[in-house]
Amino acid sequence: MAGMSSVAAPGPLVDDFLCLALYRASRAMTAAYRPILADLGLTYPQYLVMALLWEDGAATVGQIGARLRLDSSTLSPLLKRLEGLGLITRRRSARDERSVQVDLTAAGTAMRAAASPVPARVCAQTGLAADDLPRRVAELRVLAEHLESTG
């Protein structure tokens with residue numbers, strides 16, 4: 001570029017930043033899910049909520065937020081949309097009125113079968129061997145936990 005001088009970088013180049021590699025991978029992963037989930041009528045965050053409910057059954061809004069690391073300003077409209085799609089119900093807990101219980105509807109439960117191929121389809125796009133995924137997930141989990149505990 002005209003007018004710009006070349007300055008030797010004192011540290012790693014931007015292309016070598018771990019944060020940039022993780023950011024790019026995260027964006028690419030989300031993009032890989034988009035067309036696959038479009039067939040189900042779900043966004044990526046909606047799919048994560050549904051997958052959690054398929055795995056665990058009913059959960060409170062607080063439990064979902066904590067597990068998926070989503071704050072209430074993100075989670076509330078997402079749950080409202082899933083409820084509008086007829087996939088979940090939300091109701092206040094009889095024991096603690098501050099707590100909202102989220103349950104799958106019959107349609108939400110039935111969607112699990114249609115969604116079952118999603119992980120394998122996305123895995124195929126990563127170029128990673130399926131048997132390598134647990135190690136990679138574990139490494140990323142350790143990284144995230146360390147950053148969360150020190151931040």
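Reader: What should I know about the model and its numbering before we start?
Author: Residues are numbered from 1 along each chain as its sequence is written, and side-chain values use heavy atoms, with hydrogens and water left out. The model is predicted, so local features need pLDDT of at least 70 and side-chain atom pairs count only at pLDDT 80 or more, while totals for chains, interfaces and linings use all residues.

Reader: Which residues of α4 are buried?
Author: Leu-75, Leu-78, Leu-79 and Leu-82 are the buried ones, where buried means under 20% relative accessible area with a 1.4 Å probe, protein chains only. Seen down the axis of α4, these residues fall within an arc of 100°, so they line one face of the helix.

Reader: And which exposed residues does the face turned away carry?
Author: That face of α4 carries Ser-73, Lys-80 and Gly-84, exposed being over 50% relative accessible area.

Reader: What do the buried residues pack against?
Author: They pack against α2, α3 (61–68), β2 (88–92) and β3 (100–104), with contact taken as heavy atoms within 4.5 Å.

Reader: At what angle do α2 and α4 pack?
Author: Helix α2 (residues 44–56) and helix α4 (residues 72–84) pack at about 75°, with their axes 10 Å apart. That makes α2 roughly perpendicular to α4, a term covering angles of 65 to 115 degrees.

Technical notes. Axes are lines fitted to C-alpha atoms, for helices over the stretch in contact, and angles run from 0 to 180 degrees between N-to-C directions. Helices (H or I, at least four residues) and strands (E, at least two) are DSSP runs, numbered from the N terminus. Angles under 35 degrees count as roughly parallel, over 145 as roughly antiparallel, 65 to 115 as roughly perpendicular and the rest as oblique. The arc is that of the directions from the helix axis to the C-beta atoms.
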